[in-house]
Amino acid sequence: MAEDPLVVVEKVNKHFGDLHVLVDVDLTVGRGEVVVVIGPSGSGKSTLCRCINRLEPITSGKITIDGVSLPEEGKALAKLRADVGMVFQSFNLFAHKTILQNVTLGPIKVRKLSKDEARERGMKLLQRVGIAEKADRHPAELSGGQQQRAAIARALAMEPKLMLFDEPTSALDPEMIKEVLDVMIELATEGTTMVVVTHEMGFARSAAQRVAFMDGGRIVELATPQRFFDHPETDRAKDFLSKILAH
């Protein structure tokens, strides 16, 4: 159990029409903890991620971030979203803005930083993710891996309490996956609180404090990576691991 909980998900259910996609989900993420969520397609992983920052409203249950319940809408929700960085499968960068403009937009508009401050912070972050030389380029001029690193820098520019990653490497070519995972591993070692939905088992093994295995809308197992990968408890997890680790 997390010592200092930042995210608490309690008995969360989510329905899309007749489809029950999250079933009584409980999850606590401690401050500075990295939780990796894995499981077969359609198990509810991305939906859980999207519910944590209320891109999807929940049907029942409760989610709190830093002790505050997820607001319904309006200014309180915008404030919460500013504290939660989100990195998607598709990079969602503004095509008509430069990479640096993409990174500085939120801090200027939402955090009310001056243009100079935002620019300085933005350049530091682009340097940190290894693409400072691309600051004045537009997204279309970058590789997929570079665009995803720009998206991570953009999320970090808001100095969020929590970073959510929803399959951040699944749209990338194999050689680009490593460059994105390297940035994420570095964030993890620096104590960034992260919830990561991914198919990258190597990342789950090396960067997670805990692995949450989902199946059929439930968290079926929650354990340290070593315990989960070496001694899975449920048949469902054993079956999943035998399929993905056999290749």
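The model is predicted, so local features need pLDDT of at least 70 and side-chain atom pairs count only at pLDDT 80 or more, while totals for chains, interfaces and linings use all residues. Residues are numbered from 1 along each chain as its sequence is written, and side-chain values use heavy atoms, with hydrogens and water left out.

E56 counts as buried because its relative accessibility is 17%, where buried means under 20% relative accessible area, exposed over 50% and partly exposed in between (1.4 Å probe, protein chains only). Leaving aside residues up to four places away in sequence, E56 touches K14, F16, R50 and C51; contact means heavy atoms within 4.5 Å.

Six of the eight residues of α1 are buried, namely K45, T47, L48, C49, C51 and I52. Just after this helix, R54 has a positive phi of about 60°. K45 is buried but has no salt bridge, and E167, the nearest side chain of opposite charge, is 4.2 Å away. A salt bridge requires a side-chain nitrogen of Lys or Arg within 4 Å of a carboxyl oxygen of Asp or Glu. For charge, Lys and Arg count as positive and Asp and Glu as negative, whereas His and the chain ends are not counted. The contacts of K45, not counting residues up to four places away in sequence, include E167, V197, H199 and M214.

By this rule there are 20 salt bridges. One of them pairs K11 with D26, with the closest N and O atoms 2.9 Å apart. K11 lies in strand β1 (residues 5-16) and D26 in strand β2 (residues 19-30), so this pair ties together parts that are 15 residues apart in sequence. K11 is partly exposed at 47% relative accessibility, and D26 is partly exposed at 36%.

A salt bridge also joins E33 and R210 (2.6 Å, N to O). Because E33 lies in the loop between β2 and β3 (34-38) and R210 in strand β9 (residues 210-215), the pair connects parts 177 residues apart in sequence. E33 is buried, at 12% relative accessible area, and R210 is buried, at 14%.

Within helix α4 (residues 115-128), K124 and E120 are four residues apart, about one turn of the helix. Their side chains form a salt bridge (3.6 Å, N to O). Salt bridges that share partners link D4, R31, D66, K79, D83, R111 and K161 into one network.

Notes: Helix = DSSP H or I, 4+ residues; strand = E, 2+ residues; numbered from the N terminus.
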